[in-house]
Amino acid sequence: MEQQRNEATERLLSRQGHPNLVYNEENGGVGVGDEGLVTVSNFTSILGLSTLTAACITFGFGCAIGYSSPTQSSIMEDMGLSVAEFSLFGSILSIGSLIGAAISGKITDLFGRKMTMWILNLFYIGGWLAIAFTKAPSLLNLGRLSLGFTNGISNYLASIYVAEITTKNVRGRFTIIVQLLTGWGASFMFVVGSFVHWRTLALLATIPGLLQLLLLFFIPESPQWLAKVGREKELEAALLCLRGDKADISHEATEIKDYVESLKSFSSEGILDIFQKQYVRPLLTVAGVLVLMNLGGINALAYYSGAIFVSAGVSSMVGLITVAATQTVIGILGATLIDKLGRRPLLLVSSAGLCFSSFLTGVSFFLKDFNWWDQGSPIVAFIGVLMYMGSYALGGVLPLLLLSELFPINVKGSAGSICNLMGNFTGWLVAYYFNFLIEWSSTGIFFIFSAFSFANFILTATMVPETKGRTVEEIRASITHSSD
């Protein structure tokens with residue numbers, strides 16, 4: 001079995017420098033030069049539809065994140081909530097995410113990517129309906145908890161599914177476009193929530209889930225998951241569906257089968273398999289980046305940016321609408337650059353931007369506290385928050401993309417559960433305690449966020465590998481090969 005594993009791995013590694021493989025500029029495919037061109041399209045209508053389906057998940061994720069910011073004052077008034085009670089409502093999303101994150105990898109491995117989407121929609125739509133029709137704070141929190149459970153799984157699921165259905169030439173671009181919808185979902189909440197009642201906003205947020213329910217009838221399952229569970233005929237049918245009926249998918253199908261086969265000889269798919277030598281470095285890297293990014297304050301600014309603007313002396317409506325526009329522009333820029341510049345450079349720029357913008361926001365509150373430059377401090381805070389949200393839109397998805405690329409399918413579930421659990425736990429800490437910490441020292445909390453973002457920059461510079469332009473199987477085969 002060990003010999004079979006090594007032979008399969010060597011075949012994958014040898015393909016990285018295959019002399020006959022050529023790139024077809026006309027249709028973005030891969031070909032075999034001397035033996036006849038084999039075209040595999042980078043984009044088909046079904047691939048676009050499948051990506052849109054995954055995007056519905058992340059748009060809903062953004063809706064849940066952005067909901068509390070424009071609705072804070074009206075919910076507190078209508079439901080008679082104190083600051084502590086609303087902090088619980090805001091942060092309980094992260095508690096639900098913790099529960100979802102703990103099982104995210106295993107549930108997607110057990111039921112498959114597509115079936116998991118069906119299941120999550122029950123929790124997603126049910127959560128929003130509970131919030132929209134609640135008469136008591138307990139049901140309000142229960143609905144938010146249900147949305148958090150959905151978020152804990154869906155953010156991981158969307159990245160994994162898109163990475164597994166796309167080709168290496170567009171994998172990064174498609175993944176970041178899907179995750180860009182998280183920012184658009186939050187932006188939708190920011191903008192629309194400034195004009196409609198919070199109950200109406202909750203009903204509008206069910207639309208992504210309802211749309212996804214319709215689209216799920218027309219998309220295929222992940223080819224890698226089908227190979228993992230031994231459904232080879234369905235694997236080839238899924239690849240033909242994604243690449244086009246006339247595409248020659250034999251090379252890609254064989255590559256997926258070879259790599260899945262190579263994993264069977266040394267893994268029983270237990271949770272402890274992720275702690276094998278070859279996975280320790282990527283596990284520490286991805287988990288570290290996720291933890292530090294969350295400790296850098298993203299949940300605080302996403303959940304309470306409206307209150308932050310008011311505290312800094314800026315109109316919450318103007319601030320939230322501008323944040324929405326900024327996230328959209330920067331997110332589109334990131335999508336166009338990721339497969340050209342690579343993952344690592346964008347993550348470095350994003351981390352540096354988060355560090356500087358947090359520091360700038362802290363400086364604005366410092367000036368405000370001492371009544372220095374009263375006219376200018378709100379402008380500094382406004383610029384700082386915009387830079388922060390823009391920096392996150394540029395690189396916030398990249399840790400999840402790395403998670404989908406660095407781990408093979410036999411341990412991807414365990415890695416996803418561990419990394420998501422750690423990221424969501426630190427996200428909950430920030431979300432729950434932020435309202436108390438900003439009362440303690442609005443300047444100090446943003447300086448702390450800046451310090452964690454700086455640590456993330458150092459971690460990225462020293463530990464994060466570049467995965468641009470390589471197939472998922474090639475990346476994992478090289479990691480396995482180098483550790484032998």
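The model is predicted: local features require pLDDT of at least 70, side-chain atom pairs count only at pLDDT 80 or more, and totals for chains, interfaces and linings use all residues. Residues are numbered from 1 along each chain as its sequence is written, and side-chain values use heavy atoms, with hydrogens and water left out.

**Chain as a whole**

- The chain has 21 helices and 2 strands, taken as DSSP runs numbered from the N terminus (helices: H or I, at least four residues; strands: E, at least two).
- Of the 484 residues in the chain, 60% are buried, where buried means under 20% relative accessible area, exposed over 50% and partly exposed in between (1.4 Å probe, protein chains only).
- The accessible surface of the chain is about 18400 Å², and carbon and sulfur atoms hold 67% of that surface; areas come from the Shrake-Rupley method with a 1.4 Å probe, and for residues only the protein chains shown count as cover.
- Among contacts (heavy atoms within 4.5 Å) with a separation of 6 or more, 81% join residues 24 or more positions apart.

**Helices α4 and α6**

- Helix α4 (residues 83–111) and helix α6 (residues 137–165) have axes that come within 6 Å and cross at roughly 40 degrees. Axes are lines fitted to C-alpha atoms, for helices over the stretch in contact, and angles run from 0 to 180 degrees between N-to-C directions.
- The angle makes α4 oblique to α6; angles under 35 degrees count as roughly parallel, over 145 as roughly antiparallel, 65 to 115 as roughly perpendicular and the rest as oblique.
- The contact of α4 with α6 comprises 16 nonpolar, 11 polar and 1 charged residues. Ala, Val, Leu, Ile, Met, Phe, Trp, Tyr, Cys and Pro count as nonpolar, Asp, Glu, Lys and Arg as charged, and the others, Gly among them, as polar.

**Helices α14 and α17**

- Helix α14 (residues 298–312) packs against helix α17 (residues 377–395) at about 165 degrees, with the axes 11 Å apart; α14 and α17 are therefore roughly antiparallel.
- The contact of α14 with α17 has 13 nonpolar, no polar and no charged residues.

**Individual residues**

- Ser-97 lies in helix α4 and counts as buried because its relative accessibility is 5%.
- Leaving aside residues up to four places away in sequence, Ser-97 touches Gly-148, Phe-149, Asn-151, Gly-152 and Asn-424.
- Gly-126, in helix α5 (residues 113–132), counts as partly exposed because its relative accessibility is 33%.
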